[in-house]
Amino acid sequence: MAECAVVFVLDKLTTLLEDKVNLIKDVKREIEYVRDELERMTAFLRVADAAEDGDPELKIWVKQVRDLAYETEDIIDEFMFHLRRTNPCFPAAVGACCFLHKLILAVRNLRTHYAIASEIQSIKSRMTDIAEGHRRYRYRFTVPNQGSNSSAGGGGSSRGGIDRRGDALLLEEGELVGIDSPKKHLVAWLVEGGDSRLKVVAVVGMGGLGKTTLVKKVFDDAAVKKHFHNHAWITVSQSFNVEELLKDTAHQLFDQMKMPFPPEMSSSYMNGNRLKAIIKDFLRGRRYILVFDDVWSIQAWESIKYALPNDDRGSCVILTTRFLDVASSCSVENNGYVYKLNPLSEEESWILFCRKAFQSNSCPNHLTDICLNILRRCSGLPLAIVAISGVLSTKKETNIDEWKMLNNGLGSELGSNDQLESMRNILLLSFNYLPYYLKPCFMYLSNYPEDHLIEHNTLVRQWIAEGFVRAKEGRIAEEVAQGYLNELINRSLLHPVRTNDDGSVKVSCIHDLYREIILSKSRDQNFVTTTAERNMVWPKRVRRISIHGSLEKSEVKRYGTRLCSLLSFSVGDSRSISSILQLIKSSRMLKVLDLTGVPLEKFPEVILELFHLRYLCLRNTWIKKLPRSIEKLQKLETLDLKGTYITELPAGILKLRYLRQLLVYHHVPGSYMAYNYVHGFKALKGIGCLKSLQKLCFIEACYGSTVLKEIGTMTELKRISITKLRTEDCAVLCSSVVNLVNLSSLGLRAMEGEILDLQSLSSPPPFLQRLYLGGKMEKLPHWIKSIHSLVKVYLRWSRLSDDPLEHLQDLPNLVHIEFLEAYIGRKLCFKAGKFRKLKLLGLDKLEALREVIVEEGSTPLLEKLIIQRCSSLESLPVGIERLMNLKVVEFFDMPERFILQLSPRKAGDEYWKVAHVPEVYHTYWRNGCWEVYALDDERVNEEAGKNGAAIVKTQEQRNWL
């Protein structure tokens, strides 16, 4: 993390020196000295960051460097803030007034330069002492100047403790829980089947999930031992040596066959290529199984694979890894198979926990709630369950306070309890191995409350505003940030919860124990301070604050003026709101401000003084209006006003030339989607000057062709949603959309009674993935057939006479279709062999529809089907019984006669067609909430649920895919 802080401040120093800022000569020279000295430290910091936990003296030195980098960054920000104040954009002055004005500015400017000179001189003085420590530690660690990997020094225990990962090889099978099914699956895959090619099986999952334990039991299985002639188990780890690894492999193979080693193998001059040749000659013609445990990189596999012959003898290689890309790369080219190991179920977790904590006895009733809460935080991770239950086994069952203390202070226990040290070290390996640019991104997740679902779009915008992500190599910052997110998922540090239709992750979460680790790191490094932590010691300076629930005025006084980020979660009381506003007032260096859900009725004027603000989120507040002086936020990149009552924006918004995301809309609540289900904001003349905008939602076309022409000049747009279109606007709209070549999401809705005519669009955006069309259409646009990148299509209130499926059936990547009053015909036919990737289908209020036909070979991947308010539909879709991937079918407010056909008690009717579907429901909107009934529930009677008991009653939106 220190390296990361230094890299960020180096970027700022370089920018300051290169920008057109008139620096006094001595100031410039001092800044250059600080920059050069910091540059010399960066390579060593990569080693020091990973090794500091095991060396207290080194940890202090790293902290000094990190604090110095933070302070230097603050000084630069302060300098730029004052520079802006001494050079404001005043109206032009004339005559003597002009001269006087310039004189005042010159004096103020000089004062600002002398202030920074003094600050930089202080930094330089401290830098001299720190640089001496740098030279001392470089000598101790004998680290080269360049090229050190970020993981160096992180291969073993991060705190100098005993590495107990090998204990997984010694566990008895009777001690294990939840291993039978995955073991049986893997053994069958290894020894059964007629394929004689070399198989590569990659078992992947986060640290502590039990990969090594599972594979060891598979490796030792009698059927596996009998099936393969030769066996070897090789532990790889991060800091492996290729030659030593190959020698270990060869020794095991020769030892097993009681054959003498080739004499040349003992030579110190034996190179890797010769060792590979020896192993390959030995294994040729044999059926072998080799396990490579704990593989951390694709390069590790590349250094091994050429020693393995593929001579059609049915041999197998198993590897374990924490990385999805390693697993995929190793298996894809070698008749491969990736086995993603899942956490233990709740039942399995409870069995394992009780077995360890109570020596196979059941949990006492008075401890059940505490134990379940502790277990929930383990999230099915066997390593954590065993370690924590082992600690609890030493505590008296009668002393409930001891159990409560561990439950409430699990984070501190991780850092101080020797019995949990091994678990912490194993989890820390994944953190220490992160490249420098990912460490702050991962630690930033400590802002979020426990069990919080993290929206990726929000996180990406916050990372960019913080400066963690920069555009590079022809990719914009958002694309780079998405790559960072994918890396964290690949490393099993983030777990996907919900995905978009294109397969990208939309929402994810972090394991509770990883969260505890980064919370601890954040405290130590003064990276993030959260107000939810119990009995915490507040740091002298807070750089980022995350407010969970409340903030007391007494706590506000603890913070300096160097705050760069403030995020709030579930803040609602007036005292906390007052404290937050007071804190904002004293934090003029803020870059990120998120007040989601705070019940603010007026826009806080103190925000307008935040010169460095890049990210402002006021989502789900009660604000109705923005101030005219919003233009003062010159560096703003994201303005998120979703869920507010704002319907107009001031003209000052047009001066925010760095704005990339402008999100202003709120949904109208209701059981079903109304025509005007979303309200956006009235378009501003001149909006085309916002050339950096990538997302613009939802804009009302109130000025018609004038604004629509301007939109055609905003070529960076990736997503745009336009409402209140008139028929006469459509030609101009089409000519503008042609220019939006980067567009991936397009939403258009006509005013009620108007026609949405998009036939004149000559060339649609080439990378369009999501298309939302609302309003009466005489014909579906002809160009839809040509957009092969389309993943999602919504047609609402289109009232088409021709079957829209004819236009959509040949789109190769279409995953999601929803029709709402989109078609007035009597029949929909999904033709044979079409819609090969469709997974989600929604049909709503197609009132004339009588028949849906799914021909053989159509929609083979369909997983979810929703049919609602199709009052004329006579029966289930013909062919639905062939859709073997269907997981959920739900009917909303369908006629009683339709539902009665599906009753499982009426053998021979329609029920058999959906008997293979795991979840089938029929749902009704009654008395202000949804009543949900399971189709195969015995309580469902011939009254179609009227007198039965609903399994769910909810007011939440349920009928959206």
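## Close-ups of a predicted model

**View 1. Helix H8 passes helix H9 in a left-handed crossing.** Left-handed here means that the near helix is turned anticlockwise from the far one by less than a right angle, while clockwise would be right-handed. The model is a predicted one, so local features need pLDDT of at least 70 and side-chain atom pairs count only at pLDDT 80 or more, whereas totals for chains, interfaces and linings use all residues. Residue numbers start from 1 along each chain as its sequence is written, and side-chain values use heavy atoms, with hydrogens and water left out. H8 covers residues 242-256 and H9 covers residues 272-283; the two pack at about 25 degrees with their axes 10 Å apart. Axes are lines fitted to C-alpha atoms (for helices, over the stretch in contact), and angles run from 0 to 180 degrees between N-to-C directions. That angle makes H8 roughly parallel to H9 (under 35 degrees; over 145 is roughly antiparallel, 65 to 115 roughly perpendicular, the rest oblique). On the H8 side, look for Glu243, Leu246, Lys247, Thr249, Ala250, Leu253 and Phe254. Across from them, H9 brings in Gly272, Leu275, Lys276, Ile278, Ile279, Phe282 and Leu283. Contact means heavy atoms within 4.5 Å. Sorted by type, this H8-H9 contact has nine nonpolar, two polar and three charged residues (nonpolar: Ala, Val, Leu, Ile, Met, Phe, Trp, Tyr, Cys and Pro; charged: Asp, Glu, Lys and Arg; polar: the others, Gly among them).

**View 2. Helices H5 and H6 cross at roughly 50 degrees.** H5 takes up residues 180-191 and H6 residues 211-219, and their axes come within 10 Å. That makes H5 oblique to H6, and the crossing is right-handed. Pro182, Lys183, Leu186, Val187 and Leu190 of H5 meet Leu214, Lys217 and Val218 of H6. The tally for this contact of H5 with H6 is six nonpolar, no polar and two charged. H6 is largely enclosed by the rest of the structure, because nine of its nine residues are buried (under 20% relative accessible area; exposed is over 50% and partly exposed in between, with a 1.4 Å probe and protein chains only). Lysines are on that buried list too, namely Lys211, Lys216 and Lys217.

**View 3. Strands S6, S8 and S7 line up, in that order, as an open sheet with antiparallel pairing.** Two strands pair if DSSP finds at least two bridges between them. Strands S6 (454-455) and S7 (495-499) stand at the edges with a single partner strand each, so one side of each is left without a neighbour in the sheet. S7 is joined to S8 (residues 505-509) by four bridges, and the two run antiparallel. Thr499 sits opposite Val505 of S8. Val505 also turns up among the residues touched by His456, which belongs to helix H19 (residues 456-466). His456 is buried, at 2% relative accessible area. Leaving out residues up to four places away in sequence, His456 touches Gln482, Leu485, Ile489, Val505, Lys506, Val507 and Ser508.

**View 4. Ile547 lies in strand S10, which runs over residues 544-548.** Relative accessibility is 0% for Ile547, so this residue counts as buried. Ser568 is 21 residues from Ile547 in sequence, yet their C-alpha atoms are 4.7 Å apart. Apart from neighbours within four places in sequence, Ile547 is in contact with Thr531, Leu566, Leu567, Ser568, Phe569, Val571 and Ile580.

**View 5. A cis peptide bond links Cys697 and Phe698.** Its omega is about -25 degrees. Phe698 is in strand S19 (residues 695-700). For context, most peptide bonds are trans, and most residues other than glycine have a negative phi.

**View 6. Trp797 and Asp893 both carry a positive phi without being glycine.** For Trp797, phi is near 55 degrees; the residue is in the loop between strand S23 (792-796) and helix H26 (805-808). Trp797 counts as buried because its relative accessibility is 9%. For Asp893, phi is about 45 degrees, and the setting is the loop between strand S29 (888-892) and helix H27 (896-900). Asp893 comes out at 26% relative accessibility, so it counts as partly exposed.

**View 7. Zoomed out, the chain has 27 helices and 32 strands.** Of the 961 residues, 54% count as buried. Among contacts with a separation of 6 or more, 62% come from residues 24 or more positions apart.
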